[in-house]
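Hi,

Here is the model I promised to pass on.

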Amino acid sequence: MNAQARQGWLLVAPATLLFVGILATPLAMTLLLSFNGWSSTQGIVPTLTVQNYAEILSDSFFAEIFLRTLRIALWVTLICVLIGAPEAYILRRMREPWRSSFILVVIGPLLVSVVARTLGWALLLGGNGLIPLALHRVGLTSSPVSLMFTETGVVIALVHVLVPFMVLSVWASLARMDPATERAAQSLGASQITIFLRIVLPQAMPGILSGGIIVFSLAASAFATPAIIGGRRLKVASTLAYDEFLSTLNWPLGAAIAVLLLVGIVAIVVGWNRFIERRYSQVFAS
Amino acid sequence: MPYLAIENIRKAYGPAVAVDHLDLGVEKGEFISLLGPSGCGKTTTLQMIAGFVEPTQGAIALDGIDLSQLAPEKRGLGIVFQSYALFPHMTVAANVAFGLEMRRVGKAEIRQRVEQALAMVGLADKGGRYPRQMSGGQQQRVALARALVIRPAILLLDEPLSNLDAKLREEMQLELRQIQRQSGTTTVLVTHDQQEALALSDRIVVMNQGRVEQIGSPFDVYERPGSAFVATFLGRTNTFSAEPTPQGLAVAGHVMMPGERPATISIRPEKVDFTTEGDGLPGRVLTRVFQGNHWLLHVQTPGGLCLVIRPNDGRPVPGEGEAVVLVFRAGDASLSLAGSSP
């Protein structure tokens, strides 16, 4: 090893130690834990078994929770795209000082503590909250229906906090767009709608897709929001793992759930990323 | 009435006036350049023709039809932008076809016209490429093909060659001129590059601070600049202040040309000659630089520094430090009377 290489290793050593210490080690231990057995009398049994995985994959109770997690994450992603992409486009067309102030408004949800924000939503979504009362008043429901402990409620609260990621991601790809392309399309006879659909949107697509990855993985692994809005009645994978750890004290089963959640998210994200790279590398390679 | 008639247009942004009472008529098939330094209002004028900027007052008419109520997408103009503004997510052929699709031209006709347009700019075999995979010069040609394929009433060129290197720019100038002649499209070019304007245009509109300084053929504008600004902006020029004497106008006491009133004399460096006999402006060569096809000399005279360009045609050229006498023909100089605007 020459001096330069040694210097390189020395320089990355602190970050590597930190990474190994606080991320790689706990993950490896969780993985190992998920292969241990468990009984209500002995607690954790240090054997090597796939029993936990077999239990999760065969029981429809777990399947339902994983499917719900996926469904919620997909809805959140879809709604974030529908709200975030136009929002970013509008923001980009705004003039200063409006633009700066509205960017602050957009990232506002990220600046509020998760507990305060989520309990706020609990107030709005509950049976006597503003939203059920409003829905009842305008005649959409025959009586005020609480949105607490429902998937709709969880999706609404998650969209609120995750939309900023979509806006910022789309914003970044719109910033790379040459504004003259919109004018060029206009001079060639395109209407505003055609310009948005055929010129702006395709150029924003890399941002929408990468924003989608961020929003999806954060929504699928979210804990605090589904814990407070969904509660015990509406479990998702992360709250399920939490309950197995802290209520049932079945750590190995909780670890197996956490591992499956992680593997699922990583698989979806990697596949998604491959798709983006293949689809857009020729066009948008920097 | 000219094909494109710009009548008394004005554009003000608050108190700042970008274009001030501009009148311009462009004939069908003509190639006209708006030339001036940055901030002179030439780009704003182009934007007003294109419809992206609304004039504060005045009218623009194309072929007798008032454009002011027409949105940019209804004007049917072809525009080549400085950045080319190609659609990066579409192939070259799709870029060129876009304007035809907007006009709901049939599929077969689109394919045929796109092929023709790409062949015209020498990119017949590049239709399947994406803009990113092409050089600056090629992107420039695609932008030109995309603008011309819709058979625009007018072609607007916004500093189209400024992003190319010097050699390519010269090639593209020739090609642009040839393509414009071939298609016969009325063309308005915006540029700050005097050489480009001189090489391409039928007529040049020299603009400064929102106003037209002079409109004329390249030769006229260069040889008979209408103002001191035009003389200094287009090419280089020497200026001397001259006083009347009984024998004529004199610079620092040396009679140079006929005239009765105090004036500023402008004379191009290539029109100044050295003489060995007779009267003239005495001076001393400060520096002499060889530039291939010509020599560039700085001569210090009692009337100020004078730039002289002499062709490298085999005749001897005075060396640095040599005493010389400068003369020029009265017909080559332009006079602006003292007291009138500088």
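Some ground rules first. This is a predicted model, so local features need pLDDT of at least 70, side-chain atom pairs count only at pLDDT 80 or more, and totals for chains, interfaces and linings use all residues. Residues are numbered from 1 along each chain as its sequence is written, while chains are lettered from A and ligands numbered from 1 in the order in which they are written.

Chain A has twelve helices and two strands (DSSP runs numbered from the N terminus: H or I of at least four residues for helices, E of at least two for strands). Read from the N terminus, the order is α-β-β-α-α-α-α-α-α-α-α-α-α-α. Along the principal axes, the C-alpha atoms of chain A fill a box of roughly 75 × 75 × 35 Å.

Two helix pairs involve α7(A), residues 151-175. With α4(A), residues 98-111, the axes come within 8 Å and cross at roughly 130° (axes are lines fitted to C-alpha atoms, for helices over the stretch in contact, and angles run from 0 to 180 degrees between N-to-C directions). α4(A) and α7(A) are therefore oblique to each other (under 35 degrees is roughly parallel, over 145 roughly antiparallel, 65 to 115 roughly perpendicular, and the rest oblique). Their crossing is left-handed (the near helix is turned anticlockwise from the far one by less than a right angle; clockwise would be right-handed). On the α4(A) side, A:Val106, A:Ile107, A:Pro109 and A:Leu110 meet A:His160, A:Val161, A:Pro164 and A:Val167 of α7(A) (contact: C-beta atoms, placed from the backbone, within 7 Å). By class that contact has seven nonpolar residues, one polar and no charged (Ala, Val, Leu, Ile, Met, Phe, Trp, Tyr, Cys and Pro count as nonpolar, Asp, Glu, Lys and Arg as charged, and the others, Gly among them, as polar).

The other partner is α9(A): it packs against α7(A) at about 150°, with the axes 8 Å apart. That makes α7(A) roughly antiparallel to α9(A), and the crossing is right-handed. Residues of α7(A) in this contact include A:Leu158, A:Phe165 and A:Met166, and those of α9(A) include A:Gly207, A:Ile214 and A:Leu218.

Now the contact between the chains, which takes 19 residues from chain A and 19 residues from chain B. On the chain A side, α8 (180-187), α9 (192-221) and α12 (251-284) each give two or more residues. Which element gives the most? That is α8(A), with seven residues. The chain A side has ten nonpolar, seven polar and two charged residues.

In chain B, the domain assignment (automatic or from a database) gives domain 1 (4-232) and domain 2 (236-337). Their centres, taken over C-alpha atoms, are 39 Å apart, and five residues from each domain make the contact. The domain 1 side has three nonpolar, one polar and one charged.

Chain B also has an open sheet of five strands in the order β15-β19-β16-β17-β18, with antiparallel pairing (strands pair if DSSP finds at least two bridges between them). Its edge strands are β15 (273-274) and β18 (304-311). Six bridges join β16(B), residues 281-290, to β17(B), residues 294-301, and B:Thr287 stands opposite B:His298 in β17(B).

Cheers

Notes:
Two residues are in contact if their C-beta atoms, placed from the backbone, lie within 7 Å.
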